Amino acid sequence: MLSKYDVTIGLEVHVELATKSKIFCGCSTAFGAKPNTHTCPVCIGMPGSLPVLNKKVLEYAMAVGLATNCDITRFSKFDRKNYFYPDNPQNYQISQLYMPICRNGFVEINTCAGNKKIGIHEIHMEEDAGKLIHDEITGNSYVDYNRSGVPLIEIVTEPDMSSEVEVVTFLEKLRLIIQYLEASDCKLNEGSMRVDVNLSVKKRGETELGTRTEMKNLNSFKAITRAIENEALRQIKLLEKGEKIQLETRRWDDVKGESYSMRSKEDARDYRYFPEPDIMPIVISNEWINDIKYKQPELRDEKMQRYIREYSIPKYDADIITSIKHMTVIFEKAVELGGNPKKVSNYLMGETMRLLKERNMEAEDISFSPVNLVKLIKLVDEGVINGTTAKEVFEKIFNEDIEPIEYVEKNNLKMQSDESWLQTVIEQVIAANNQSVCDYKNGKERALGFLIGQIMKETKGKANPAVVKKLLLENL
Amino acid sequence: MKKRISNETIEYIGILSKLELDETEKEQAVSDIEMMLDFFDKMSELDTEDVAPMSHPMANNNVFREDVVTNGDMREDMLKNAPMVLDGMFGVPKTFG
Ligand SMILES: [Zn+2]
């Protein structure tokens, strides 16, 4: 049944920009403040207030446009999108409809099906809305306008994707580009990146696209994947039953693993867009575009090449570290503090990745100080602690950002090389493991490893493995 | 004066504007809008062959502010006009997204 149909997907991606102040006023954009403490007459929509465009918003939008191969619109302006809703205090949202800042771009993705260009239809700038909280007890709703006027860009793709794999690959690449530009942290779970999926299906071979639905409330790549699989199947089942697809907006419920209709587009709101008279038009010169290009931060490919060249780490390492922007920040800081690049890389690719996966954490949530990682590496290099202990201490650093030198001292974790003490332990282990000693003498190399393991265990992992091996061989 | 605004249109404009209009008000609104449309017709008589389309009423462009936080906590003032206040938030009738 599935193989008889083609799936067509286009995306609308909202990204909150990393400016310090809002798009049209001098209020802070900092997350998590007390309700309405970041508001002023402009962002609560008082009559007579005058919005003025934050230049940084425009520059971030241009930077994202240039990095996604868009044409920059030389004469751009804002429009009003009219609708009544309490989270929108002016009763209109200042957005761009007729002359968006960027148009006609693309992002190239690579999947097992090969390379593919995903078209960017446009990127426009707009303001975010406030937050509505519903109170069951009083039966009222309450509004916090701290988020009202936080700058957004909306990236609208062409309907060029045909599977959830392509969608996630595209989004991961887009997110990385924006993170490298430092235009946003793009956290799906905190809403600084929001993805709406437009999806339709058609019988294979048909040229005309089917009726599409728009899916909202997708807070993770996993949710996006599940929602796409679910929605494609829902539409195909309806068509198989001879039913029609409704043009509508649906909301994904990730707990239930299903979506439900929010409102039909047929009685869609009439937004009555018209030119925004308060914001002056924007004229962009060649010099300005060149300046934005010149100031563009190092993107992933450049960084990867530089890591290989400057720090002599393998391509494999450079590839993994640069796949997460936050990882590159930690890596560069640690190297700057004197950490050996390859050793820092090993901790990031190995233990750090393992712990992230184990705890279901995002790399952005890493909170340890690079200086503590550098100190740990030094403790191993100087022979103060052995590898086993280092692994244990690193987990402490990862969890609580402890200072390793003091920690090792306090918990008595220093590597033990005292031969007379080790000799006693070795004699005990030999006495208790006659069979293994015998096996070793009969040529079973593996038995030696077992005996060393037993000795390490007896010394709570603190023994110097080189000394242990030397003494053990002398004893056998 | 031509009659161009139907009853349905004025009802729809009322809904979009969140206004409840009685019959007299509807009639008044229809005649006001018809007058505006007549005025547009009058303007359409002008020869604009050589006039470039205007997309904004002001001649200025590139008016920006720098990305600097200049406002502090003005919550008390901002809430002065709120119809209802709870925990520093604006209270409104029950609304669902
Ligand atoms: Zn404000």
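1. Is A:R446 buried or exposed? A:R446 is exposed, having a relative accessible area of 76%, where buried means under 20%, exposed over 50% and partly exposed anything in between, taken with a 1.4 Å probe on the protein chains only. The residue belongs to helix α14 of chain A, residues 446-458, helices (H or I, at least four residues) and strands (E, at least two) being DSSP runs numbered from the N terminus. From A:R446 to A:S436 the separation is 10 residues in sequence and 9.0 Å in space, C-alpha to C-alpha.

2. A word on the basis of these remarks. This is a predicted model, in which local features need pLDDT of at least 70 and side-chain atom pairs count only at pLDDT 80 or more, while totals for chains, interfaces and linings use all residues. Residues are numbered from 1 along each chain as its sequence is written, chains are lettered from A and ligands numbered from 1 in the order in which they are written, and side-chain values use heavy atoms, with hydrogens and water left out.

3. The zinc site can be described in some detail. The zinc ion has as its protein donors the SG atoms of A:C25, A:C27, A:C40 and A:C43, at 2.3 to 2.4 Å; donors here are N, O and S atoms within 2.8 Å of the metal (3.2 Å for Na, K and Ca), and since water is not among the atoms, sites may look incomplete. The angles among the 4 donor atoms run from 100 to 115°, and the site is tetrahedral, a label given to four donors if all angles lie between 85 and 135 degrees. Along the sequence, the donor residues follow the spacing C-x1-C-x12-C-x2-C. Both A:C27 and A:C43 lie in the loop between β1 (5-16) and β2 (53-54) of chain A, so the pair ties together parts that are 16 residues apart in sequence. A:C27 counts as buried at 1% relative accessibility, and A:C43 counts as buried at 5%.

4. The C-alpha atoms of A:S148 and A:A129 are separated by 4.3 Å, although the two are 19 residues apart along the chain.

5. How many cavities of 30 Å³ or more are there? The count comes to 3, a cavity being a set of points, on a 1 Å grid over the protein atoms alone, where a 1.4 Å probe fits but cannot get out. The largest cavity has a volume of about 60 Å³, and the residues of its lining divide into 4 nonpolar, 4 polar and 3 charged.

6. A:M62 lies in helix α1 (residues 55-67) of chain A and is buried, with a relative accessible area of 0%. Not counting residues up to four places away in sequence, A:M62 touches A:I72, A:I101, A:I284, A:W288, A:I289 and A:I292.

7. A:N217, which is not a glycine, has a positive phi of about 65°, and is partly exposed with a relative accessible area of 28%. B:D87, likewise not a glycine, has a positive phi of about 45°; its place is the loop between β2 (85-86) and β3 (89-92) of chain B, and at 61% relative accessibility B:D87 counts as exposed.

Conventions
Four donors count as tetrahedral if all angles lie between 85 and 135 degrees; four count as square planar and six as octahedral if opposite donors are over 155 degrees apart and all others between 65 and 115; anything else is irregular. Contact means heavy atoms within 4.5 Å. On a 1 Å grid over the protein atoms alone, a cavity is a set of points where a 1.4 Å probe fits but cannot get out, and a pocket is an open set with protein on both sides within 12 Å along at least five of seven lines; lining residues have an atom within 4 Å of a point. Grid points are joined across faces, edges and corners, and a volume is the space filled by probe spheres set on the points. Ala, Val, Leu, Ile, Met, Phe, Trp, Tyr, Cys and Pro count as nonpolar, Asp, Glu, Lys and Arg as charged, and the others, Gly among them, as polar.
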